[in-house]
Amino acid sequence: MSVNKKRLRTYFSSSKTAHAITCPVIRPAEEEEAISMSRTNDEWKAAIEAKIAEVVADSSLTNYASGITTADSSFALTIDHTLLKPDATPSQVDTLCDEAIRYGFKVANRLKDSECVPCAVVGFPLGAMTSQAKAWETEDACRNGAKEVDMVINIGLAKSSQHNALYDDIHAVVKAASSYAIVKVIIETALLTDKEKITASFIAAEAGATFVKTCTGFSGGAASAADVRLMKKAVAYKQGVKVKASAGVRTFEKCLEMLQAGAERIGTSSGTAIMEKAEVQASTY
């Protein structure tokens with residue numbers, strides 16, 4: 001794995017939303033050039049069937065990360081240190097900030113003059129609001145300084161094969177983020193079949209996403225190497241589109257498994273414990 005930008009980030013939540021502080025990531029040229037696709041649903045169906053066939057036929061098991069330890073700076077740079085509890089208190093956020101600083105993270109009220117930039121989530125955690133609401137939330141987040149946006153797709157559209165509508169849902173956020181922020185698309189793998197995971201990842205890449213992400217952690221399930229590998233193969237054709245593994249990643253060994261499968265970021269509330277190789281409770285994100 002090659003990392004040449006500082007990307008440690010901190011997520012924290014209030015009673016209304018969740019936030020993240022992240023570091024700069026280069027936006028792929030394809031996202032800058034993303035345009036609304038004039039495909040019919042039948043044209044989407046044909047393209048998706050071809051993509052599914054391509055991914056299913058690819059039995060390769062590439063190891064994208066080897067020889068990494070917790071002492072390796074390239075490992076620490078993959079961690080998204082999170083706190084997504086809806087009842088998170090200011091003191092818990094302060095603790096998260098202290099942990100973030102200890103391992104090189106930055107947080108909102110200490111962000112000035114640092115290399116880090118803020119990130120916010122939209123449509124979180126269910127993704128069930130209108131695309132217009134997600135776009136407004138994205139614009140508001142960008143006005144308040146967000147440089148990365150993690151959005152949750154409309155899962156019902158993915159489950160019902162409404163490809164045009166799903167594309168529009170994602171592209172509305174990409175367009176709203178415009179030149180202000182990159183977009184990471186949470187497809188909620190726990191609720192999708194393998195074919196739906198490939199489809200959602202492919203449509204997200206087509207819509208201009210910079211990352212496709214496994215889970216919110218709020219709908220059951222957890223990130224798996226099989227899902228990461230599937231998503232990686234689905235978006236590999238699009239230069240610069242990456243995979244983030246989130247939910248249930250609580251140990252260094254699990255992180256390494258995700259990185260080897262093709263993830264380039266890890267979302268976890270166990271970042272400190274992982275770095276210290278400590279035991280963590282199964283109830284954490």
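**Figure 1. Ile274, a buried residue of helix α11.** Ile274 is buried, with a relative accessible area of 1%. In this predicted model, Ile274 belongs to helix α11, which spans residues 271-276. The C-alpha atom of Ile274 is separated by 5.3 Å from that of Thr251, although the two residues are 23 residues apart along the chain. When residues up to four places away in sequence are not counted, Ile274 touches Thr70, Phe75, Val249, Arg250, Thr251, Phe252, Cys255 and Thr268.

Figure 2. The largest nonpolar core holds 57 residues. Phe75, Ile153, Ile170, Val185, Met258 and Ile266 touch the most other members of this core. For Ile153, leaving aside residues up to four places away in sequence, the contacts are Leu126, Gly127, Lys134, Ala158, Leu166, Asp169, Ile170, Val185, Ile186, Ile187 and Ala200.

**Figure 3. The crossing of helices α7 and α8.** Helix α7 comprises residues 163-177 and helix α8 residues 194-206; their axes come within 9 Å and cross at roughly 50°. This angle makes α7 oblique to α8. The crossing of the two helices is right-handed. On the α7 side the contact involves His163, Leu166, Tyr167 and Ile170, which meet Thr199, Ala200, Ile203, Ala204 and Glu206 of α8. By class, the residues of this contact are 6 nonpolar, 2 polar and 1 charged.

**Figure 4. The packing of helices α9 and α10.** Helix α9 (residues 225-235) packs against helix α10 (residues 252-261) at an angle of about 25°, and their axes lie 8 Å apart. The two helices are roughly parallel because the angle falls under 35 degrees. α9 passes α10 in a right-handed crossing. Ala225, Val228, Arg229 and Lys232 from α9 meet Glu257, Met258, Gln260 and Ala261 from α10. The contact divides into 4 nonpolar, 1 polar and 3 charged residues.

Note on methods: Residues numbered from 1 in each chain as written. Predicted model: local features only at pLDDT ≥ 70, side-chain atom pairs only at ≥ 80, totals over all residues. Heavy atoms only, no water. Axes fitted to C-alpha atoms, helices over the stretch in contact; angles between N-to-C directions. Helix = DSSP H or I, 4+ residues; strand = E, 2+ residues; numbered from the N terminus. Parallel < 35°, antiparallel > 145°, perpendicular 65-115°, else oblique. Left-handed = near helix turned anticlockwise from the far one by under 90°. Contact = heavy atoms within 4.5 Å. Nonpolar A, V, L, I, M, F, W, Y, C, P; charged D, E, K, R; others polar. Core = buried A, V, L, I, M, F, W, Y, C linked by side-chain atoms within 4.5 Å. Buried < 20%, exposed > 50% of the residue type's maximum accessible area, 1.4 Å probe, protein only.
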